[in-house]
Amino acid sequence: MIDTHRLGAIARKEWIQLRRDPRSMILAFLLPIFLLLFFGYAINWDVREIPVAVLDQDRSDASRELIQALVASGNFVPELYLDSARETGDQLSRGEVKGVLTIPPNYASDLQARGQMPQVQLLLDGSDANTATIALNYADAILAQHESRLLPLGRDAVPPVTIETRTWYNPDLVSRHMIVPGLIAVIMSVIAAMLTALTIAREWERGTMEVLASTPVSRIEVVLGKLLPYLAIGLLDVAATVACGMAIFGTPMNGSIVLLAVYTVLFLTGALGLGIFISAAVKSQVLATQVAMLATYLPALLLSGFMFDIASMPRALQGVTFVVPARYFVTVTRGIFLKGVGPEVLWPQAILMAAFATLGLALATAVFRKELPT
């Protein structure tokens, strides 16, 4: 049986120790906001205003209209106008532009004579594959639209099939709306484990474990008592980061705040339990911090689906992602923020995070020992 009085006493003791440790207070309250702002501004997957060089060998009204179509889209910015094709390689190799648009001679005359768009060349810097791929898609769409405006269908022509696309949940395709919810999951995964990674190790290093060992509290009461203050702090951190994400980055909240709080409790319980398990196992604050960072930061950043799509990873790595708890919380935060979905969609994540929380508490309780070494 868990005694609530003993549990409360351990929680109060942990809170008092936390208040007396300025480093832990900074880690608990300031670091999450700092990381959200830093990564929120630093990470941006929107590709706009791609610098290109233009080699207009036709110099006609038609070629200038084509260049203007690219500029008007806002996706391309003509940084340089070249005089010779020999300059093409130099501009790309120096990295001064991301692409070179070449309009051939006789572009306007071919356009009038053939009744179809002449071929133009767009050389792209493939060393940045992501920007090159997006630039190619932009160019294809812009040129297709420009062609349809220049070459109207004849009287007897059959109109081509057109596709009208709509984007749900993030209609403007703003990358920060996807980044911020995922960042909350990644940040809290790291912060929660690092905070509790210091708890048991601190007792051993300060010599207060003898006092704790002499009390009648059970191991589960110690683990839960040390976990509760950090759970409250974690909920405050999530509330603060959610508010900052909405106020500063304009990320919409389309789902239930209450549901997000419930899922956050499940996730934080597992992450905090993992930190206590690490702290009890290594018994050194420095080593516990390093292990907690290694066990949470890289997996949460790279294998949670935050940075890279899990479906595009090798099969072996896809299997590894199932043991990364941040994977499930990233799905939850994006689902609640952007899609506004509820338990009918997110119940698998709830079950898996509950299992993770149970495992974290079980490991922490099993490894923690009140007995002093002889």
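This briefing describes the nonpolar cores and the salt bridges of the structure above. The model is predicted. Its largest nonpolar core has 74 residues, and a search of the whole structure finds five salt bridges.

**Nonpolar cores**

- Within the core of 74 residues, Leu36, Ile184 and Phe306 have the most contacts.
- Helix H8, which spans residues 175-196, gives the most to this core, with 14 residues.
- Leaving aside residues up to four places away in sequence, Phe306 touches a set of residues that includes Ile43, Trp45, Ile179, Leu183, Val186 and Arg334.
- Another core lies apart from the largest one and has 19 residues, including Ile50, Ala62, Phe76 and Met117.
- In soluble globular proteins, nonpolar side chains tend to be buried together.

**Salt bridge between Arg6 and Glu221**

- The side chains of Arg6 and Glu221 form a salt bridge, at 2.9 Å from N to O.
- Arg6 belongs to helix H1 (residues 4-19) and Glu221 to helix H11 (residues 219-248), so this pair ties together parts that are 215 residues apart in sequence.
- Arg6 is partly exposed, at 28% relative accessibility, whereas Glu221 is buried, at 0%.

**Salt bridges between loops**

- Arg59 and Asp83 meet through their side chains in a salt bridge of 3.8 Å, N to O.
- Arg59 sits in the loop between strand E1 and helix H4, and Asp83 in the loop between strand E2 and helix H5, so the pair links parts 24 residues apart in sequence.
- Both Arg59 and Asp83 are exposed.
- A salt bridge also joins the side chains of Asp128 and Lys98, at 4.0 Å from N to O.
- Asp128 is partly exposed at 25% relative accessibility, and Lys98 is partly exposed at 28%.

Conventions: Residues numbered from 1 in each chain as written. Predicted model: local features only at pLDDT ≥ 70, side-chain atom pairs only at ≥ 80, totals over all residues. Heavy atoms only, no water. Core = buried A, V, L, I, M, F, W, Y, C linked by side-chain atoms within 4.5 Å. Buried < 20%, exposed > 50% of the residue type's maximum accessible area, 1.4 Å probe, protein only. Helix = DSSP H or I, 4+ residues; strand = E, 2+ residues; numbered from the N terminus. Contact = heavy atoms within 4.5 Å.
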